[in-house]
Structures are given as structure tokens and as C-alpha cells.
Amino acid sequence: MLSLIYLIGSVTFIVGLKMLSNPATARKGNAIAAGGMTLAILGTIFLYKHHGQGLHNYGWIVAGLFIGGVIGLVSARRVKMTAMPEMVSLFNGMGGACAALISVVEFEYMTEVIFTGAPVRMQLVIILAGMVIGSVSFAGSVIAWGKLNGSIKDISFKGQHIFNLIVLAVILLLAVVVTITLPAATVILFVVILLLSLLYGVCFVLPIGGADMPVVISLLNSFTGVAAACGGFLYNNPVMLTGGILVGSAGTILTILMCKAMNRSLKNVLIGSFGGPKVAGTSKEQGAYKEISLSDTAVIMAYAQKVMIVPGYGLAVAQAQHACHELENLLEARGVEVKYAIHPVAGRMPGHMNVLLAEADVPYEKLLEMEQANGQFNTTDVVLVLGANDVVNPAAKNDPASPIYGMPILEVENARSVIVNKRSMKPGYAGIENDLFFQPKTSMLFGDAKHVLQQLVAEIVNSL
Amino acid sequence: MDVIFSFLQQHLEAVYIVILSVFLGVEVISRVPSVLHTPLMSGANAIHGVVIIGAIIVMGEAEPDNYLALVLGFLAVILGTINVVGGFVVTDRMLEMFKSKKTK
């Protein structure tokens, strides 16, 4: 009976994941997977038997499920759409921690009864793997969460990658020692591995730039999947195996897809050759940029035929999506055609801008994907770039020395004029200068995106 | 070597599941529009919450006087549930928006 339930659970995960990859069926897919999960959990509680013995401690289990359920439900319901990426990262960390704790408890059982012999040794390897991967994922996710909500800054020191490699090597070495000296496997050594794994998780994510966080979260996501699968091996539990490995492999592919969208290799992201001061060497003579006033911007936009808005991280940080939609409505009412050009990796996560603009009720048809948008820039009068930088940097096309060379970009310079809203002239996350800002047809409009948009709206309403 | 062989033999089914799941995961994900990357990641995040089953088993097999196991197991159940419930709810909220804008 229970194996049938697990089979159904596994199938729902596969079907759910498949349906999630198509916009039309995605929501149903999520619900199906959730249903399968519920079934598998209930089945485990009521039907699980090991050596003919059922589970006990029901009170604890139900209390735990209840507390966790309430926390999960409330935090997921309350979180703002813009803070979604952080939340996903945090939930991922919880899963990692859960896997690590399971391993700790299982290790404790193991030390109580001193086994010898082959199967147990392999079991220890799996326990260790689950614990190391789980705690790396936990610590890394918490750091990623902190970075996305801005409470943790990028920290890197010289030789950090070497330090990380050494930590990893020590973890592996200790794991081998524990496994080989099995009967004598000491608790202290185990605890040291646990602490080192947490340290590694922290050091692994710390130096990686905020812009690369989605890739890291996706990677940690697949880590947790593998950690869950370790549990599946431990209990010979097929649904944990399928679920875990499915996420492990799908997550890895997703990570690679995300990197591809940015035209960067995974190695590049992890080692983080991006963003250091060293790449500033590629900057040439920049010349001067020109600023534009709010009232001029209002006039230009209000009398344009077609305006294209390019949203970026600045829009998300400033929570300016509603102000942006307001401006769009106002312009449309005046007969201006307004569209949004969405770069696949604009913002902090692929699809970030879509979610954000959807929250502000921007109609779906107004969001153009990159290829579509690029075909329309030459008929566009004004491009308004809101806090986007690298995704409109022409260096990706023209400058082979640039670290983002080859990344597909939005070719805004084909439009008649470009207005760039940024907080300052500081380079974007990639830490590279943007030639676009110095081109004759580009004007800079400095300020916080939300503030600027609100003023633009007021300007158009009052004086035009 | 013998250790590994005997392990493989004992867990042959599991090994098959792992290998097939790897390919399945790759196959299922390969053709996804980038717009859906975030919800998909979030959905996958909820699915690996299946680790909760391990937590339930640990909890349920703990001896009533083994406080370390009880406390850690309890914590694991809570964390795992947050992962599952939060994960699915967040994904649903994301997808809700994708849907609403289409019907409008």
C-alpha cells in the first residue's frame, strides 16, 4: 500500500515538474506536485513500517508538522513579491538543514550500536554526504538570503578561493578518515565536519556578487535535492530518491540555463572573476555624459509616438513597478504607445521583471521578450531605462575584451533617444563601464526610480 | 571495492531510480522559457522538501528517552514542513500572477 502511495507521489513530482515548464499548465502542475507530497507525507505517517514496527511519537510529529506548516504558510503568504527570491532561498535552506539534521540523528543511532561490516560503511558515507551537502546548502542559502535583502555585503579577501578549496579538501579528508576508522568513528570528528561544512557554505556564497545570486540559489537548490536523495538511500525510500534526484538534476540544468542566458560559465560565476576592480582596465576614454531634467523628460515622453521601458534591478530595489504602471497608463491615455522590453536576466532572477510588473497589473501583451523588443527599437522614439545597466551595455556586442562580451543585450541604441535613470554613474553589478551612457543620443536622469517616476507622472499631469 | 559492489547489489533498484531520475530531470527541464525559470526553481525547491519524509521517519523511530534524537528530529520536521508548505505556496503565488495577466 505504502509503495503504491510512494509511486503515485513520484509520478506527481515528475508530472508536476513537467507541467511547471509550460506557462499554461504551470499552476496546475504545482498543485499536482503538492497533492502528491501531501499523499506521501500522510502515507508515511500512517503506513510506514520498519521491521514490522510502525512509527511512534505521533504527538511530536503532528506538532512539528503543524508548527512548520503555520510558519511556512504565513511567511509565504505575507512575503512581498519583490522579496520572493530571498524567500525561496530561505525555504531551500530549511530543506538543507532538515537533511543535515536527519544525518546527525542517524549518525547518533550508529554510534549507539557499533556495527561493523560493509553495508554500514556505505551507510556512513551516505550519512556524511547528506550532512555535508545539507549543511553547505543551509549555510549558503542563509547567506544568499542575507545578500538579496541587503543585510550582508559582498565580502571577499585575497586567496579566498584557495581558502575555500582547502576547507573543502579538509572536509573530504576527514570524511574519509571517519569512514575508514569506522568502529572508532568519533563524535568529535563528526562535529568538526559539520562545522566545516557550515563554514564552507558561508565562504562559498560570500564572495559571489548579488547579481549572480539566482544562479547560486538554483545551484544550492539542486544541492538540497541531492541531500534529500541521500535520505532516500538511507531509508530505501523511492519517493525521496525520485524527488531528490529529480530536483538535483533539474536544478543543475536550470542553473546552467541561467548561466547561458547571461552567457557565462558556471565556473565564471562561482570563481567570480566578475565584478573585481581588475576588469575596470577595459574602460577607455569615456568623455562626458549629459544630464536631462525631469520636465524635459516629461515633455519628450508625452509627445513621443512610441516609448519602450527597459526595467532592471533599480526598478525592483525602488519598488517602482506601480509608479511605472501609472506612468504607462498616463502616456497611453495621451496616445503614446508604451511597451516594456524584458531582458531574460534583468533583475535578480530570470523572470524577476515579469513577476514584478505582473504584480502592478501591467498587461501581459505589453511585455516584450528580448528578440521581439530588439526588432522594435528602430521604430521607438524614447527608451526609458530604469535601473538596468549590463543588459543594455553595447560592450557585450562591440568589445571582445569586456567580461560580458557575447551576452545578448537589448539594443536600445537603435532607438531615436535613450533616457537612462540610475541613482549615480556607478557601474552596474558587473563592475564595467557602460558606453551607452556616453553616447550623444543618451541622456541621464539621476535619482531613485520610484521617486523619479512619481515626479514624472506629476509633471505630465500638472503641466502638460 | 567489494564494499561498493555489495552496496550496489543491495540497492540495485535505488541505483536505477537515481540514474533514470537524472535523465528525466534533464529532459523535463531542457525546454523551458526563461520567464518560467523562477517559478520552476521555486517549484523544484518545494519538491525537494520531500526530505520531510526522512524527518518523519527519524522522529517516529526515535526512542522516547533519546532526547537528542527527539529534539533534532522535531526540529527537522518543522524545517522540512516549512520547506514544503512555504515552497508550494510561494510558487502558487508567483504563478497566480502569470495567470491573472493572461486572462485580463
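Tutor: Both chains line the second largest pocket: at least two residues each come from helix H1 (2-20), strand E2 (53-54), helix H4 (84-112), helix H5 (118-148) and helix H8 (213-234) of chain A, and from helix H1 (2-10) and helix H4 (51-61) of chain B. Helices (H or I, at least four residues) and strands (E, at least two) are DSSP runs, numbered from the N terminus. The model is predicted: local features need pLDDT of at least 70 and side-chain atom pairs pLDDT 80 or more, while totals for chains, interfaces and linings use all residues. Residues are numbered from 1 along each chain as written, chains are lettered from A and ligands numbered from 1 in written order, and side-chain values use heavy atoms, without hydrogens or water.

A pocket is an open set of points on a 1 Å grid over the protein atoms alone where a 1.4 Å probe fits, with protein on both sides within 12 Å along at least five of seven lines; lining residues have an atom within 4 Å of a point. This one holds about 990 Å³, the space filled by probe spheres set on the points. Of its 33 lining residues, His50(A), His51(A), Glu106(A), Tyr235(A) and Glu61(B) lie nearest the centre. The lining divides into 16 nonpolar, 13 polar and four charged residues, with Gly counted as polar and Tyr as nonpolar.

Of the contributing helices, H4(B) has 10 of its 11 residues buried, that is, under 20% relative accessible area with a 1.4 Å probe and protein chains only. The buried set runs Val51(B), Ile52(B), Ile53(B), Gly54(B), Ala55(B), Ile56(B), Ile57(B), Val58(B), Met59(B) and Gly60(B).

Ile52(B) leads on to Gly80(B): their C-alpha atoms are 4.7 Å apart, although 28 residues separate them along the chain. Gly80(B) belongs to helix H5 (residues 67-103) of chain B, and because its relative accessibility is 0% it counts as buried. Beyond four places in sequence, Gly80(B) touches Gly49(B) and Ile52(B) as well as Cys98(A), contact meaning heavy atoms within 4.5 Å.

Ser249(A) is buried at 9% relative accessibility. With residues within four places in sequence set aside, Ser249(A) is in contact with Ser21(B), Val22(B), Gly25(B) and Val26(B).

Chain A also has an open sheet of seven strands, paired parallel in the order E3-E9-E8-E7-E4-E5-E6; two strands pair if DSSP finds at least two bridges between them. Strand E3 (290-291) and strand E6 (367-369) are its edges, each pairing on one side only. Within the sheet, E4(A) is largely enclosed by the rest of the structure, because six of its six residues are buried. Lys306(A), Met308(A) and Val310(A) cover one side, and Val307(A), Ile309(A) and Pro311(A) the other. E4(A) joins E5(A) through four bridges and E7(A) through five. Val307(A) has Val338(A) as its bridge partner in E5(A) and stands opposite Val382(A) in E7(A).

Methods:
Buried means under 20% relative accessible area, exposed over 50%, partly exposed in between (1.4 Å probe, protein chains only).
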